[in-house]
Amino acid sequence: MALRLYSYWRSSAAYRIRLALNLKDLDYETVGVSLLPGRSEHRQEAYRARNPQMLVPFLEDGDFGTGQSQAILEYLEEAYPDPPLLPDSREGRAAVRSFCNSICCDIHPLNNLRVQLYLKEEFGISDEQRDVWYAHWIHEGFRSAEQTARAHEAAGPFVFGASVTLAETCLIPQIYNARRFKVSLDEYPALLAVDAHCNGLDAFAKALPESQPDRE
Ligand SMILES: N[C@@H](CCC(=O)N[C@@H](CS)C(=O)NCC(=O)O)C(=O)O
């Protein structure tokens, strides 16, 4: 199999890639890289040799490999354009990318595992304080994401209307994570409607963390 995804079942960044692969109906092999504190396979030499950034996901396609979920999503879009996950128009593509970045650059990095561990180990924050921090950055990002989804709701059922795009590959994993950390999502009915619709589709069900072969 040409496509190989280095992944961790609970990684929302890897979940983005599983969704794109499934939506494009591409077969791939999953290689589990455990992020579990104590195992931390992503920080061991075997993985570091492949990806010096020591983060998952990492995608290999034959001899080519790249990390960073946004680079991987763009690579898949160019290498396997059918079906497209970006709109036809330049303006439409910019809007989808802006939405993706608001999640992947402005929410996710602040709530990442290594940030949580750093806050705990260096500053001694409690689990309750960690949860407040976590929820804060979700709300900061989801308020604008909700506005975007509402603007297109009539054309639904996806964030940008009738077609699934990279927006859902970034949104659905972030909603999954928010639920995992018990963040109330009541303020975001339009995002929840997109989430409910997506989770009824096979490509999304197959990508769920609980369905992954490396689940611990
Ligand atoms: N910007 C990177 C972020 C990747 C990332 O943060 N991955 C997390 C899992 S969701 C990770 O490997 N964390 C390991 C750690 O924090 O030590 C991307 O989009 O791929």
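Which residue has a polar backbone atom 3.0 Å from an oxygen atom of the ligand? Select Arg-114: its backbone supplies that polar atom. Keep in mind during the tour that this is a predicted model.

Next, select the ligand itself. Taken alone, the ligand exposes 510 Å², and the protein buries 91% of that. The space that the ligand takes up is the largest pocket.

Now show the shell around the ligand, which holds 16 residues. The nearest of these are His-42, Val-56, Gln-68, Ser-69 and Asn-112. Colour the shell by class to find six nonpolar, seven polar and three charged residues.

At Val-56, pick the backbone: one of its polar atoms is 2.7 Å from a nitrogen atom of the ligand. At Gln-68, pick the side chain instead, where a polar atom lies 2.7 Å from a nitrogen atom of the ligand.

Then select the helices α1 (12-23) and α6 (113-123), the elements that give two or more residues to the shell around the ligand. With three residues, α1 gives the most.

Finally, move to the strands. Select β3, residues 58-61, and β4, residues 64-67. The two strands run antiparallel and are joined by four bridges. Together β3 and β4 make a hairpin, with two residues between the strands. End at Gly-62 in the turn, which has a positive phi of about 65 degrees.

Conventions: Residues are numbered from 1 along each chain as its sequence is written. This is a predicted model: local features need pLDDT of at least 70, side-chain atom pairs count only at pLDDT 80 or more; totals for chains, interfaces and linings use all residues. Side-chain values use heavy atoms; hydrogens and water are left out. A residue is near a molecule or strand if one of its heavy atoms lies within 4 Å of it. A polar contact is a pair of N or O atoms within 3.5 Å; within protein, one must be able to donate a hydrogen and the other to accept it, and residues adjacent in sequence count only if both atoms are side-chain atoms. Accessible areas come from the Shrake-Rupley method with a 1.4 Å probe; for residues, only the protein chains shown count as cover. On a 1 Å grid over the protein atoms alone, a cavity is a set of points where a 1.4 Å probe fits but cannot get out, and a pocket is an open set with protein on both sides within 12 Å along at least five of seven lines; lining residues have an atom within 4 Å of a point. A molecule sits in a cavity or pocket if more than half of its atoms lie within 2 Å of its grid points. Ala, Val, Leu, Ile, Met, Phe, Trp, Tyr, Cys and Pro count as nonpolar, Asp, Glu, Lys and Arg as charged, and the others, Gly among them, as polar. Two strands pair if DSSP finds at least two bridges between them.
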